[in-house]
Amino acid sequence: MIRDLMKIMGPEHRRSVEVYLAWLVAFAVLQGIATAFLVPVLTALMRGELPVGWLVATAAVVLFTCVARYAQTMKGFALALVTLTSLHTRLGDHVASLPLGWFSTEKIGRLSRSATGGTMMVTNVTAHMLTPVVTGIVTPATVALAVLFFDWRLGVAVVACGPLLYLVHRWAANAVGRGEQRTDAAGALASSRVVEFARNQQVLRAFGRTTDGYPPLEEAIESQRSAWGRMLWQSAPRLLAGGLAVQLAFVALLVFGLTLRPEPAVLIALLALIARFTGPLAELAGHSGMLRMAANDLHRLAVIFDEKPLVEPESSRTPSSSELVFEDVTFGYAEQPVLENVSFRVPPRTMTAIVGPSGSGKTTITRLIMRFFDVGAGSVRIGGVDVREMSTEDLMAQLSIVMQDVYLFDDTLEANILLGRPGATEDEVREAARIAGVDEIVARLPEGWQTRVGEGGASLSGGERQRVSVARAVLKDAPIVLLDEATAALDPENERYVQHALHSLMDRATLLVIAHKLPTVVAADQILVLDSGRIAETGTHEELLSSGGRYTNFWVERQRSQGWRLVS
Ligand SMILES: Nc1ncnc2c1ncn2[C@@H]1O[C@H](COP(=O)(O)OP(=O)(O)OP(=O)(O)O)[C@@H](O)[C@H]1O
């Protein structure tokens with residue numbers, strides 16, 4: 001738990017965490033010592049003596065205990081405050097440094113749960129929860145040493161109880177820990193099913209899947225319910241047993257103490273010590289379920305901080321041109337390679353079209369250029385510079401990206417285009433919009449440029465969203481444009497606008513297009529035919545058609561399907 005806490009708080013707060021822990025340990029030790037001093041004080045009082053020396057020493061220790069308690073509490077609150085104010089920023093900075101390939105749906109779900117619940121738990125741990133953990137271990141240990149000092153036989157018995165109680169505590173806490181992991185996984189699944197259910201209402205209603213329930217959601221909720229039920233059934237008896245074990249230890253030590261027949265005054269004082277030995281342990285046992293849950297929360301957050309950021313070069317190199325080169329690139333998401341020995345060159349200000357069957361690795365090529373992932377072998381170079389030798393900022397400055405799944409922010413049309421280059425003038429925005437055909441959309445909308453596009457661009461059609469995305473790319477005016485042509489979203493009108501934008505981009509940028517439309521393929525200076533992660537053929541449209549290879553099949557099939565669509 002403490003290791004995870006250190007990782008989460010980061011090196012800049014390491015010292016504060018150490019100071020806080022030092023005060024906490026000091027408080028727990030002093031609390032144990034103050035209790036130990038009861039033995040000589042009580043013994044003397046019961047013998048009718050006034051132990052002035054011990055009373056002064058006890059008062060001094062109690063005073064130090066109060067100081068330590070105050071310091072520890074204040075340091076804990078200060079840390080909790082730091083957590084509240086800076087942990088989200090630290091988490092945000094860390095996540096922003098991770099490779100884009102990290103952001104899978106599952107990881108995003110985890111991140112969102114940790115960013116809300118996990119960070120609040122860190123605050124709770126530093127403000128409240130660590131105190132019973134440390135005092136539950138350190139104070140009984142100090143008391144045990146004191147008992148050893150006053151009566152070695154009872155001391156040995158007390159020390160022997162420690163590991164036994166620890167094992168029972170672990171046994172109970174582990175059950176809670178395992179149960180909590182299951183409920184967390186079931187909770188994450190149920191949340192994503194709820195989002196899926198809400199997002200896909202249109203499809204579900206169209207297929208009449210809302211009247212008799214949505215089985216995946218019901219199953220997820222049921223498995224969450226059963227995970228919670230299982231955790232409660234399995235952990236409750238163990239937690240009770242943990243608390244009971246502490247009480248049994250207290251009684252056993254009491255009986256053992258009586259059998260030793262010490263002087264009554266000493267016996268009473270020692271029994272008070274034993275009560276102070278088991279008290280913090282009982283408190284720890286009472287909190288163990290919550291503590292294990294907190295430990296799991298902290299661990300999940302620490303795992304995110306453990307993710308390796310994208311390795312940034314010490315100094316970023318500047319490309320000499322907009323030439324794009326893949327040299328012997330091999331890459332796989334897991335063991336299996338998705339791209340194997342892929343080599344090609346896109347000369348500056350030319351257009352290369354990538355074609356190939358679904359799953360052949362077309363999108364993967366664009367992801368490697370954007371450094372969503374780093375290549376397994378070989379290199380991806382822009383203007384002679386390996387993309388790994390450029391800072392993310394410099395690399396992204398080289399690229400304009402238009403992908404199929406365009407996301408627009410819930411803002412105006414104008415603001416969404418301006419995202420391409422925030423400092424652009426109004427004229428530049430209008431010009432980019434004209435090239436991409438967004439001005440035609442603006443003219444149709446009652447609020448024109450000030451029309452809000454809704455969350456994700458929901459108030460625009462798929463083709464219109466892609467036009468806005470092309471306008472952004474035109475406005476950005478980056479040396480290289482990566483474009484994934486929409487397959488189904490573009491109607492002939494949208495398609496015409498995107499083709500027009502592509503032609504005007506060809507004059508100013510190096511274009512790499514995942515091409516689905518025949519006019520794009522024909523217009524390309526070079527076509528790469530990808531098959532199962534390898535480049536099967538390269539050439540111009542005429543060269544590839546005359547060679548009669550795979551490209552010919554692709555061409556014939558596309559002509560047939562697109563011809564059918566146009567006629568209908
Ligand atoms: N994030 C990922 N993790 C694991 N495997 C992946 C991931 N993304 C893609 N793949 C796999 O890599 C292979 C190539 O995928 P890629 O998306 O590059 O193909 P594609 O040619 O663009 O396909 P499509 O035309 O259908 O978009 C596929 O087998 C795919 O299942």
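## Close-up views of the model

**View 1. Helix α3 passes helix α4 in a left-handed crossing.** Helices (H or I, at least four residues) and strands (E, at least two) are DSSP runs, numbered from the N terminus. This is a predicted model: local features need pLDDT of at least 70, side-chain atom pairs count only at pLDDT 80 or more, and totals for chains, interfaces and linings use all residues. Residue numbers start from 1 along each chain as its sequence is written.

Two packed helices are described by the angle between their axes and the distance between the axes. Here, the axes of α3 (residues 38–46) and α4 (residues 52–96) come within 9 Å and cross at roughly 145°. Axes are lines fitted to C-alpha atoms, for helices over the stretch in contact, with angles from 0 to 180 degrees between N-to-C directions. On the α3 side look for P40, V41 and A44, which meet W54, L55 and T58 of α4. Contact requires C-beta atoms, placed from the backbone, to lie within 7 Å.

**View 2. Six strands form an open sheet with mixed pairing.** Follow the order β6-β7-β8-β3-β9-β10; strands pair if DSSP finds at least two bridges between them. β6 (399–402) and β10 (534–539) stand at the edges with a single partner strand each, so one side of each has no neighbour in the sheet. From one strand to the next, the twist averages 15°. Zoom in on β7 (residues 480–484) and β8 (residues 510–514): they run parallel and are joined by five bridges. V481 has L511 in β8 as its bridge partner. Helix α15 (residues 462–476) lies across β6 and β7, running at about 175° to β6.

**View 3. D411 sits in the loop between β6 and α12 (413–418).** G454 is 43 residues away along the chain, yet its C-alpha atom and that of D411 are separated by 6.9 Å.

**View 4. Residues surround the ligand.** Look for Y333, V338, G356, S358, G359, S360, G361, K362, T363 and T364.

Notes: Near = placed C-beta within 6 Å. Contact = placed C-beta atoms within 7 Å. Left-handed = near helix turned anticlockwise from the far one by under 90°.
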